[in-house]
Amino acid sequence: MKRKLLVALVLGIMVVPFLMDTATAKTLKLGSMGPLTGPYAADGNDIKNGVLCAIDVINDQGGVPGYDKIELFPQDTACDPKQAVASANKLINLEVVGVIGAYCSSSTIPASETLAEEDIIMITPASTNEKVTDRGLPYMFRMCGRDDDQAPAAVKFMKEALGAKTIFILDDKTTYSQGLADGVEKACKEMGLTVLGRDHVNQGDKDFSAILTMARDKNADVFYMSLQNHASGSLMAIQAKRMGLKSKIISQDAMFHPNFISVAKDAAEGVYVTYGYTDKTTDAYKAYEKRFSAKYGQIGAYGTYAYDAAIALMTAIKNAGSTDPAKVKAEMMKLDYDGASKHVKFRPNGDSGSSYVAFKIDGGDYKLYWTPEKGILK
């Protein structure tokens, strides 16, 4: 713009009105990060669509004062740490004012450190590893829950609702799944459950016969399946059923996705899944559900958290009357309202908490089965 103005002045051209119109046409740039391709793509696209849904809502409310347009720049991390850092750098170059993402903790942690160098706010809707918000990064927020909340809730469910005394634990070596499995193992020791076995598979494995044979032979009360995504989980559930595994299968929030059931089909029946509680009877959720479903179809696990994260960010920007990160953060910390996924109020470290409950897959759907407060629901 400065170069154009200089040329105009040299040529003696009256361009002030044009320049004023151009200068006032401002775009609020947001970024999202998640796996848009590969085995985790369903979750990554849920995150992107949740943010787009939030932008629609804010636009319907009149947008963000001072901006003519809100634009999202979604980045594909493929759940790869190096690609996540590259995505973060791209968003920095695009001059986004905030980022919703990422999905895998192993992507969120390195990407957040890159964004932190430029004081860019990041809100993850999906990464539950404790380190995400425990490193002291001033502009790191989390809309979903934490592994150290989910793990003890899962073990409490196993012991009190299922009467489990023994467990076999499996993970796929990712930051998320292994960290959660570590938490479950720790909670088992604290609550008196005996760990009969602990083993690992690799991401991308298709044949789980060896590990399932070992689990079947151990015949634990519970087979804890901690995997990064529902694609691997559905395949493992199918093979477990085929091999006659008698243990009750319990998994975590990554399996709380309609694709897990649609792929695993009958093998998903009776599987238990822990996930942060969302009251779907609230006006906030119903309004979100109606809007999201009409445009993007079935709601996945993390679209709702992404929607709330984007609403929180844009609301804070509106309230601050600025995109200055310190001012936006100050407004983020003042938020206290009922979102679509849960009540939104951030703690000093950037977490917003979550109440973990257990669902049972019954009749091809996730049915709320147990809460820590009420026990098994009749």
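C53 is a buried residue, its relative accessible area being 1%. The model in which it sits is predicted. A search of the whole structure finds 1 disulfide, and C53 is in no disulfide.

**Cysteines**

- The disulfide joins C79 to C104, with an S to S distance of 1.7 Å.
- This pair links distant parts of the chain, 25 residues apart: C79 belongs to the loop between β2 and α4, and C104 to the loop between β3 and α5.
- The torsion about the S-S bond of C79 and C104 is about 75°, so the disulfide is right-handed.
- Both C79 and C104 are buried.
- For C53, the nearest cysteine sulfur is that of C144, 19 Å away. A disulfide requires the two sulfur atoms to lie within 2.5 Å.
- C144 has its closest cysteine sulfur in C104, at 12 Å, which is too far for a bond.
- C144 also counts as buried, because its relative accessibility is 2%, under the 20% limit.

**Helix α4**

- Helix α4 covers residues 81–93; at 1.5 Å a residue, its 13 residues should span 18 Å, and the 19 Å between its end C-alpha atoms agrees with this.
- The buried residues of α4 are A84, S87, A88, L91 and I92.
- The partners against which the buried residues of α4 pack are the strands β1 (27–34), β2 (69–76) and β3 (98–100), together with α5 (105–116).
- At the N-terminal end, D80 caps α4: one of its side-chain oxygens lies 3.2 Å from the backbone nitrogen of K82.
- After α4 comes E95, which has a positive phi, near 65°.

**Aromatic residues**

- The structure holds 18 aromatic pairs.
- Among them is the pair of F157 and W370, which is tilted, with 5.3 Å centre to centre and 50° between the planes.
- F157 lies in helix α7 (residues 147–160) and W370 in strand β14 (residues 366–371), so their pairing ties together parts that are 213 residues apart in sequence.
- F157 is buried, with a relative accessible area of 0%, and W370 counts as buried at 2% relative accessibility.
- One aromatic cluster is formed by Y40, Y103, F256, Y275, Y302, Y305, F359 and Y366.

**Surroundings of E185**

- E185 is part of helix α8 (residues 175–191).
- Its side chain makes a polar contact with the side chain of R198, at 2.6 Å.
- Leaving aside residues up to four places away in sequence, E185 touches I169, V195 and R198.

Note on methods:
Residues numbered from 1 in each chain as written. Predicted model: local features only at pLDDT ≥ 70, side-chain atom pairs only at ≥ 80, totals over all residues. Heavy atoms only, no water. Helix = DSSP H or I, 4+ residues; strand = E, 2+ residues; numbered from the N terminus. Expected span 1.5 Å × (residues − 1). Buried < 20%, exposed > 50% of the residue type's maximum accessible area, 1.4 Å probe, protein only. Contact = heavy atoms within 4.5 Å. Polar contact = N/O pair within 3.5 Å; in protein donor to acceptor, adjacent residues only side chain to side chain. Phe/Tyr/Trp six-rings, centres within 6.5 Å; stacked < 30°, edge-to-face > 60°.
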